[in-house]
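Colleague: I am new to this structure. Could you show it and walk me through it?

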Amino acid sequence: MSDPSWTNYFYWLIGLSLLVWVFEILIPWRKDQKIFRKGFWLDTFYILFNFFLFSLVGYNALSNVGVALFNDFLGLFGIQNIIAVEIQDFSEVSQLLIMFFIADFIQWNVHRQLHKRAWLWEFHKVHHSIKEMGFAAQFRFHFMETIVYKAIQYIPLAMIGFGIQQFFVVHMFAVFIGHLNHANLGWNYGIFGYIFNNPKMHIWHHAKDLPEDRPHGMNFGLSLSIWDYIFGTAYIPVEGKNIELGFEGDEDFPEGFRNQTLFPFKKENKNQESKNLKNENKTI
Ligand SMILES: [Zn+2]
Ligand SMILES: [Zn+2]
């Protein structure tokens, strides 16, 4: 587990995917949902694509060479003793826990921005184009998200002194929880649902109809749900088993990988958006 090679990452990803899929098949939440649900093959492709991209871009940046380069870069600005805590003196378990908490909190903040800022939302729409939830849906996201998330997440972690080994373990744990969040499983982990994000909570994040007082959405947690409870963005009004998923206007969103990937870069989409906004303003 502590060997962060590409092949090891790949085997863990496949193993965890199969495990969660078996849960979905044996004890599905929505019993009438097909095992090969809508979007299953598209999402399988996204898993492979985003895995390779994460390996190529993310992994190289996180390698020891990357860390050394990054530290040298900070050194140029005289930022050398930014490591406030000598993290290496802590036990392995506490190091992992600290990293997990910091990384997750950063991701919660990034995720909120993906919803709030119009240009980031164009990229994040890919993830919200899911119409039926299943484990693989976790990996349906635009490749720009890897770049945005990992860059923002990695900078502070590198400053604290975490390396690739810790990152690998924490990342695999997050993949497992993320798979479960999107799985067709009626789980909320009881009292632990206030700590960990879960399928019954995350399905509301994908709700097509947003409550009036939450126009940018809710339940932004990745692995942990505590941030949503602390900052008042948690929302589970009733059981969300059969709510409609998606976003306003998703009828016109492309269904294939290529067009979804190109979507945020296409000018006409942006023009269409601003036209819609103008029309909305007119009616107000
Ligand atoms: Zn989202
Ligand atoms: Zn999701």
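Predicted model: local features only at pLDDT ≥ 70, side-chain atom pairs only at ≥ 80, totals over all residues.

Colleague: Which residues coordinate the zinc ion (ligand 1)?

Modeller: Donors are N, O and S atoms within 2.8 Å of the metal (3.2 Å for Na, K and Ca); water is not among the atoms, so sites may look incomplete. Here the donors follow the spacing H-x3-H-x8-H-x3-H-x76-H. At 2.1 to 2.3 Å, through NE2, they are His-111, His-115, His-124, His-128 and His-205.

Colleague: How many residues apart in sequence are the parts that His-128 and His-205 tie together?

Modeller: Helices (H or I, at least four residues) and strands (E, at least two) are DSSP runs, numbered from the N terminus. His-128 is buried at 2% relative accessible area, and His-205 is buried at 3%. Both coordinate the zinc ion (ligand 1). His-128 sits in helix H5 (residues 118-128) and His-205 in helix H8 (residues 199-205), so the parts they tie together are apart by 77 residues.

Colleague: What is the geometry at the zinc ion (ligand 2)?

Modeller: Its protein donors are the NE2 atoms of His-127, His-182, His-202 and His-206, 2.1 Å away. Four donors count as tetrahedral if all angles lie between 85 and 135 degrees; four count as square planar and six as octahedral if opposite donors are over 155 degrees apart and all others between 65 and 115; anything else is irregular. The angles among the four donor atoms run from 92 to 161°, and the site is irregular.

Colleague: How far is the zinc ion (ligand 2) from the zinc ion (ligand 1)?

Modeller: Each has its own histidine donors, among them His-128 for ligand 1 and His-127 for ligand 2. The separation of the two ions is 5.9 Å.

Colleague: Which residue meets Asp-250 in a salt bridge?

Modeller: A salt bridge is a side-chain nitrogen of Lys or Arg within 4 Å of a carboxyl oxygen of Asp or Glu. Asp-250 is buried, at 11%. At 2.9 Å, N to O, its partner is Lys-131.

Technical notes
Residues numbered from 1 in each chain as written. Chains lettered and ligands numbered in written order. Heavy atoms only, no water. Buried < 20%, exposed > 50% of the residue type's maximum accessible area, 1.4 Å probe, protein only.
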